[in-house]
Amino acid sequence: WKVRTINDGGIGPWSETNRFNIILTDVEDETQLPTEFALLQNYPNPFNPSTTITYHLPTASKVELKVYDVLGNEIATLVNEVQSAGRYNVDFNAANTSSGVYLYKIKAGELISTKKMILIR
């Protein structure tokens, strides 16, 4: 690059040619797709009245995420759709549910995983 001045006094000469030296000091982390199926523990646990459930899908799948009581009764269906590969967070609000131990179960294609969570009022 080079510069020169232009003002009421006239036009000045060009400066010497200079070059920029570019030094990378930081690279942002790119979001990577998960490489394996995972159902993570809900957070917070124990919870009152809501919690977040996180899961990872390495490939597109038909996903069902349901909450059950300890007797096996279905309490809620949180997800029931085809989803692309990626990381997902789902909120579960148990405002109208009594204290106790609950199970959340995910089916993604042929993969199934279940975890326990505790609601404390």
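The model is predicted, so local features need pLDDT of at least 70 and side-chain atom pairs count only at pLDDT 80 or more, while totals for chains, interfaces and linings use all residues. Residues are numbered from 1 along each chain as its sequence is written, and side-chain values use heavy atoms, with hydrogens and water left out.

Let's start with the core. By nonpolar core I mean a set of buried Ala, Val, Leu, Ile, Met, Phe, Trp, Tyr and Cys residues joined through side-chain atoms within 4.5 Å. Buried is under 20% relative accessible area, exposed is over 50%, and partly exposed is in between, using a 1.4 Å probe and protein chains only. In soluble globular proteins, nonpolar side chains tend to be buried together.

Here, the largest nonpolar core has 20 residues, and the ones that touch the most other members are Tyr55 and Leu65. Two or more residues come from each of β4 (50-57), β5 (61-69), β6 (74-83), β7 (86-93), β8 (100-108) and β9 (111-119). Which of them gives the largest share of this core? That's β8, with 4 residues. When I say strand, I mean a DSSP run of E with at least two residues, numbered from the N terminus; helices would be H or I runs of at least four.

Now zoom in on Tyr55. Contact, for us, means heavy atoms within 4.5 Å. Not counting residues up to four places away in sequence, Tyr55 touches Ala38, Leu39, Val63, Leu65, Val79, Gln83, Gly86, Arg87, Tyr88, Val90 and Ile106.

Next, a sheet. Two strands pair if DSSP finds at least two bridges between them. Three strands make an open sheet in the order β3-β4-β7, with antiparallel pairing. At the edges sit β3 (38-39) and β7, each pairing on one side only. Between β4 and β7 there are 8 bridges, and His56 stands opposite Arg87 in β7.

On to the loop between β3 and β4, where we find Asn42. Is Asn42 buried or exposed? Asn42 counts as buried because its relative accessibility is 3%. Leaving aside neighbours within four places in sequence, its contacts are Phe47, Thr51, Thr52, Ile53, Tyr104, Lys116 and Met117. Its side chain also reaches the backbone oxygen of Pro44, at 3.2 Å. That's a polar contact: a pair of N or O atoms within 3.5 Å, where, within protein, one must be able to donate a hydrogen and the other to accept it, and residues adjacent in sequence count only if both atoms are side-chain atoms.

Most peptide bonds are trans.

Asn45 and Met117 are 72 residues apart along the chain, yet their C-alpha atoms are separated by 6.1 Å. A polar atom of the Asn45 side chain lies 2.8 Å from the backbone nitrogen of Ile118.

Last stop, Lys107 in strand β8. Lys107 is partly exposed, since its relative accessible area is 34%. Lys107 and Leu65 sit 42 residues apart in sequence and 6.6 Å apart in space, C-alpha to C-alpha.
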